[in-house]
Amino acid sequence: TQPFGIFINRNNTIYIPGRNSKRIYIWMNNSVNPTKQINTNQFTQLSIFVTSNSDIYTTSVNSSWTINRWLSNETNTSATIAYSDSSSYSIFIDINNTLYFSTDNKNNILSKSLSSSSNILTLVAGTNVAGNTANMLNTPRGLFVDVNFDLYVADRGNHRVQLFRQGQQNAITVAGSGSLNVTITLNHPNHVVLDMDKYLFIVDQSNHRIVGSNENGFHCIVGCTGSSGSSANTLNKPSSMAFDSFGNIYVVDEFNHRIQKFLRLNNTLSKYL
């Protein structure tokens, strides 16, 4: 029911938090039905990230606004890693074991080192006030941090994607409203993913589509009819997406209550994870 987040690891295992079921569902080996379920005792878990050692992190938008972790060897036992002080719809862990999460109502991005026992949170982007200048965000959602520690943010309320270079407070608009080379118009972008060639993919939620980039700019690649729908080639307010190791795209089709898999044609490389 209204799924939101998805994570696919290098073994193509799929993880999805059950928004209204108090469970995390896991699919292995191309199974249609979940091969494993983790009881969480918490509703409204939305975003999910799984580390290389199979520890599972989720964000919760209930009244406690927590970031939770389930250890790989104790999957029914959770620990609270951080309190976000606002609804958080996206989480990411970079190659230095730093946790990032967006705060929907506080209009910022926070981080915390998972290698330290300190509970100190660092303000990475945003000013805690909604705005559309280079240093401000408006209802930020999806995050992606690349190997250079550059941060991409789906700046949902500003209908744009912002790139914060490492250590910079002012962002570059790389897609949508205010970008230097406007090749695509966005409507409430909700999630961003960067592939190994540094091409950007955007879940353009209120346009009911997935947008991708290449050397010629941005173009629609999934849900390109211009309206919502429930057929195989349409989406209804998609919330997030993920690549598997073959470049196939999995889309969380939130208001159709389903996960859609779109096969990459002429696939010869496994380069997306």
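Is Asp155 buried or exposed, at 0% relative accessibility? Asp155 counts as buried (under 20% relative accessible area; exposed is over 50%, partly exposed in between; 1.4 Å probe, protein chains only). This is a predicted model, in which local features need pLDDT of at least 70 and side-chain atom pairs pLDDT 80 or more, while totals for chains, interfaces and linings use all residues. Residues are numbered from 1 along each chain as its sequence is written, and side-chain values use heavy atoms, without hydrogens and water.

**View 1. Arg160 and Asp155 form a salt bridge.** Their closest N and O atoms are 2.7 Å apart. The term needs a side-chain nitrogen of Lys or Arg within 4 Å of a carboxyl oxygen of Asp or Glu. Arg160 is buried, at 5% relative accessibility. The structure holds seven such bridges.

**View 2. Phe4 pairs with Tyr89.** Ring centres lie 5.5 Å apart and the planes meet at 55°, so the pair is tilted. Rings of Phe, Tyr and Trp (its six-membered ring) pair with centres within 6.5 Å; planes under 30 degrees apart are stacked, over 60 edge-to-face, the rest tilted. Both Phe4 and Tyr89 are buried.

**View 3. Arg141 lies over the face of Tyr89.** The distance to the ring centre is 3.8 Å. The rule asks for NZ of Lys or CZ of Arg within 6 Å of the ring centre and within 35 degrees of the ring normal. Arg141 also bridges to Asp104 (2.8 Å, N to O). Arg141 is buried at 9% relative accessible area, and Asp104 is buried at 9%.

**View 4. Phe7, Phe49, Phe92 and Phe144 form a cluster.** Ring pairs link them.
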